[in-house]
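I opened a new model today and went through its packing. These are my notes.

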Amino acid sequence: MYGLSWRRLFSIFCCPPRLNCIIAKLAFHPPEPTYTLREIEAAPAQDLAQDEQVDPTICLPPVCNLQLSEGANWPHSQQKLDAVEMFRCTTKRGNSLACMYVRCVPGSRYTLLYSHDCAVDLGKMCRRYLALGSKIKCNIFSYDYSGYGVSSGKPSEKNAYADIEAAWLALRTRYGVPAENIILYGESIGTAPAVDLATRYKCAAVILHGALMSGVRMGYPNARRAYCWDAFT
C-alpha cells in the first residue's frame with residue numbers, strides 16, 4: 001500500500017484502531033519542523049468590520065522572530081525574510097497555531113488565506129509564498145495546522161476546521177482585512193478547510209488546487225456516494 005512498511009501500516013490502522021485516528025494518519029504527513037519562533041513584541045488590534053464580534057482594543061499575541069533551518073531551503077537574504085511576519089493564535093479547540101503574514105505588495109487590495117498541503121510547514125512554504133504573492137500582486141497569510149511546525153496539538157479533520165477559522169479571525173483582527181478582500185486558497189488537503197470556512201463566512205473568492213472529493217474518494221475515485229463514516233466530505 002503506497003510502499004508503506006508493515007510497521008507503518010500497523011501504526012496507522014492499529015494504534016489506536018479508531019476511524020478518526022486512521023483518517024488523520026492517512027491524510028496528514030507533518031514534516032520535521034523547519035523553523036523556530038521567538039517572541040519579540042506585542043501588537044494592537046486593527047479595527048474590524050461591525051459584523052465581527054471581536055473587541056478591537058484587545059492586546060494581540062506578540063510578533064515572533066522567525067528562524068529558518070536548512071530544511072526550509074531559503075535562497076534569499078535576511079532583508080527578504082523581514083517581509084515575513086510571524087505570530088501565534090489560539091483555536092477554539094485550545095491549540096496554539098503558528099501564523100505567517102507575507103507582505104509581498106504593500107497596499108495590495110487582496111490577501112490570500114493559504115491552507116497548504118499535507119507534507120509541508122510554513123518554513124518550507126515561505127519561499128513559495130513570497131514568489132507567488134509578488135507575481136500575482138497580493139499579500140499572503142498562512143498558518144500551520146495543529147501538529148505542524150511549532151503549532152501544538154495533533155492533525156485531525158476537526159482540528160483542521162478549527163485551525164482555519166482561528167487563522168481567519170487572526171487575519172481579520174490583527175490586520176483589519178475586510179472579508180470581501182480575502183481569497184481562500186486551499187491546496188490538496190487544505191482544500192477541505194478552505195471549503196468548510198467558505199460555507200460559514202463571506203469572502204472574495206475560493207481557489208481549490210488539487211482538490212479532493214472526500215477521504216474515501218481519495219483512495220477510490222470512482223465511488224459515487226458519500227458514506228456516513230467518510231471524512232472531508
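The entries below cover one serine, the nonpolar cores and the aromatic rings.

**Entry 1: serine 115.** I worked on a predicted model. I looked up serine 115 and found it in strand S5, residues 111-115. Is serine 115 buried or exposed? Its relative accessibility is 0%, so I logged serine 115 as buried. Next I listed what serine 115 touches, leaving out residues up to four places away in sequence. The contacts are Tyr143, Tyr145, Ile164, Tyr185, Gly186, Glu187, Gly190 and Pro193.

**Entry 2: cores.** I then turned to the largest nonpolar core, which has 34 residues. Leu113, Phe141, Tyr143, Trp168, Ile189 and Phe232 have the most contacts inside this core. I checked which elements supply at least two residues each; among them are strand S3 (84-90), strand S6 (139-143) and helix H6 (191-198). H5 gives the largest share, 9 residues. I also noted another core lying apart from it, with 24 residues, including Tyr35, Val84, Val102 and Tyr129.

**Entry 3: rings.** I counted 12 aromatic pairs. One that I examined is tyrosine 101 with tyrosine 175, a stacked pair. Their centres are 4.0 Å apart, with 20° between the planes. I traced tyrosine 101 to strand S4 and tyrosine 175 to helix H5, 74 residues apart. Both tyrosine 101 and tyrosine 175 are buried. Which residues do ring pairs link into a cluster? I found Phe28, Tyr143, Tyr145 and Tyr148 there.

**Entry 4: a charge over a ring.** Last, I looked at arginine 174. Arginine 174 lies over the face of phenylalanine 87, 3.8 Å from the ring centre.

Conventions
Residues numbered from 1 in each chain as written. Predicted model: local features only at pLDDT ≥ 70, side-chain atom pairs only at ≥ 80, totals over all residues. Heavy atoms only, no water. Helix = DSSP H or I, 4+ residues; strand = E, 2+ residues; numbered from the N terminus. Buried < 20%, exposed > 50% of the residue type's maximum accessible area, 1.4 Å probe, protein only. Contact = heavy atoms within 4.5 Å. Core = buried A, V, L, I, M, F, W, Y, C linked by side-chain atoms within 4.5 Å. Phe/Tyr/Trp six-rings, centres within 6.5 Å; stacked < 30°, edge-to-face > 60°. Lys NZ or Arg CZ within 6 Å of the ring centre and 35° of its normal.
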